[in-house]
Amino acid sequence: MGSSSDALIIRHDFIHLPRSKLTAASTGSSIHRFFGRAYLSGPFTADDRMKIPKRLAPLLEEGLIDEVIGQLMSGKEATVYVVRSGESTRCAKVYKDAKQRSFRQAASYRDGRKVKNSRQARAMEKGTRYGRQMQEASWQNAEVDALFRLADAGVRVPQPYICTDGVLLMELVIDEVGDVAPRLNDVDLTEARALELHALLLNQVVRMLCAGVIHGDLSEYNILLAADGPVIIDLPQAVDAAGNNEAASMLKRDVDNLAAYFGRFAPQILTASFGTEIWALFEAGQLHVDAELTGRIEADTRPVDLDGVLQELEETRLEEEARVRRQQELSAGR
Ligand SMILES: Nc1ncnc2c1ncn2[C@@H]1O[C@H](COP(=O)(O)OP(=O)(O)O)[C@@H](O)[C@H]1O
Ligand SMILES: [Mg+2]
């Protein structure tokens with residue numbers, strides 16, 4: 001199949017990509033077909049052809065996509081397809097609707113997400129049908145917002161093209177031979193490579209935080225290993241670092257997930273405390289995109305100012321005494 005040196009292949013033999021899952025699109029009858037730079041390998045028979053998924057039909061009608069090549073993945077919250085738009089092969093993420101989708105701690109994820117219109121905000125609070133629709137839209141827009149914000153901040157995320165009718169059209173992330181990029185979870189790493197990727201991803205987390213964004217669901221399942229390095233995906237639950245009460249714990253969880261994964265290949269990562277370090281720098285206003293991290297938290301070794309503490313206690317005691325005295329004088333005078 002690799003007779004043409006140009007041929008880039010969408011491979012479908014990853015564990016999460018069983019051959020039967022990636023089926024050919026409606027009109028296809030040829031065995032091997034080129035789509036832009038990507039090449040989908042067969043063999044496909046008429047039986048393999050998939051019906052146009054209902055949710056993608058409006059995009060086909062509007063000419064935003066020209067063909068549905070196959071289904072990549074059906075996850076917790078979305079079904080992902082490989083599609084062709086003109087000359088390019090792209091990825092279409094179809095969000096499941098709220099009823100089917102498990103809203104993981106939806107309230108804490110919503111916390112801090114700005115809803116511009118107060119009628120919208122009230123409807124979202126009440127959970128009316130309109131409210132649910134708004135919540136749905138804000139969930140989906142949150143992913144697009146985050147993708148644009150993060151790309152601007154120098155974080156490697158898929159290039160978004162459009163989000164319409166509950167479908168996000170974005171760059172299909174591919175590896176160095178043109179296959180759909182594997183998830184980190186699907187690869188084996190040497191210790192050196194694990195250390196390298198861990199450092200790279202910590203820097204991406206820092207860049208995200210500098211842009212005010214916390215992923216909120218970062219793990220080996222939401223990072224793809226592309227030709228140009230790791231690519232962070234799946235951002236509908238991304239949160240605003242400044243406006244969310246749980247920002248610190250979410251950031252630490254994201255960073256801990258990375259440590260747990262890379263720690264399998266490089267156990268020294270398991271004993272570091274990068275999450276705490278990053279958050280401390282952020283809170284102190286000292287985080288910048290190239291922050292050098294040590295993974296160690298400096299213990300506060302300054303001597304305790306015992307006299308100062310005692311004096312403060314004494315002042316508090318005196319203030320309280322004065323307050324009680326005033327109170328007594330007031331009630332005696334009445
Ligand atoms: N832009 C993309 N390029 C290639 N594969 C993708 C892309 N986006 C998603 N995928 C694949 O689809 C899967 C599900 O997408 P994701 O955004 O993580 O949604 P979910 O909420 O269902 O986890 C990913 O694990 C990945 O394998
Ligand atoms: Mg995911």
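Me: How does helix 5 pass helix 7, in a left-handed or a right-handed crossing?
Reply: Helix 5 passes helix 7 in a right-handed crossing, where right-handed means that the near helix is turned clockwise from the far one by less than a right angle, and left-handed means anticlockwise. Helices here are DSSP runs of H or I with at least four residues, strands are E runs of at least two, and both are numbered from the N terminus.

Me: Where do the model and the numbering come from?
Reply: This is a predicted model, in which local features need pLDDT of at least 70 and side-chain atom pairs count only at pLDDT 80 or more, while totals for chains, interfaces and linings use all residues. Residues are numbered from 1 along each chain as its sequence is written, with chains lettered from A and ligands numbered from 1 in the order in which they are written.

Me: At what angle do helix 5 and helix 7 pack?
Reply: The angle is about 30°, and the axes lie 11 Å apart (lines fitted to C-alpha atoms over the stretch in contact, with angles from 0 to 180 degrees between N-to-C directions). That is why helix 5 is roughly parallel to helix 7 (under 35 degrees; over 145 is roughly antiparallel, 65 to 115 roughly perpendicular and the rest oblique).

Me: Which residues make that contact?
Reply: Helix 5 brings L202, V205, V206 and L209, and helix 7 brings F274, I278 and F282 (in contact means C-beta atoms, placed from the backbone, within 7 Å). By class, this contact has seven nonpolar, no polar and no charged residues (Ala, Val, Leu, Ile, Met, Phe, Trp, Tyr, Cys and Pro are nonpolar; Asp, Glu, Lys and Arg charged; the others, Gly among them, polar).

Me: And which way do helix 5 and helix 6 run, parallel or antiparallel?
Reply: Helix 5 and helix 6 pack at about 170° with axes 10 Å apart, and are therefore roughly antiparallel to each other. In this pair A194, L197, H198, L201, V205 and L209 of helix 5 meet L251, D254, V255, L258 and F262 of helix 6. By class, the contact has nine nonpolar, one polar and one charged residues.

Me: Back to helix 7, which residues are buried there?
Reply: In helix 7, which spans residues 274-283, the buried ones are F274, G275, E277, I278, W279 and F282 (20 or more other C-beta atoms, placed from the backbone, within 10 Å of its own; exposed is 12 or fewer, partly exposed in between). Their cover includes helix 5 (191-210) and helix 6 (247-263). Just after helix 7, G285 takes a positive phi of about 70°.

Me: Changing topic, what is the phi of D165 and of D234?
Reply: Though not a glycine, D165 has a positive phi of about 55°, and D234, also not a glycine, has one of about 65°. D165 sits in the loop between strand 7 (160-164) and strand 8, while D234 sits in the loop between strand 11 (229-232) and strand 12 (239-240).

Me: Why does D234 count as buried, and why does D165 count as partly exposed?
Reply: D234 counts as buried because it has 25 C-beta neighbours inside 10 Å, whereas D165 counts as partly exposed because it has 15.

Me: What about S85, where is it found?
Reply: S85 is found in strand 5, and with 19 C-beta neighbours inside 10 Å it counts as partly exposed. Leaving aside neighbours within four places in sequence, S85 is in contact with L64, I65, D66 and R90. S85 and L64 are 21 residues apart in sequence, yet 6.5 Å apart from C-alpha to C-alpha.

Technical notes:
Contact = placed C-beta atoms within 7 Å.
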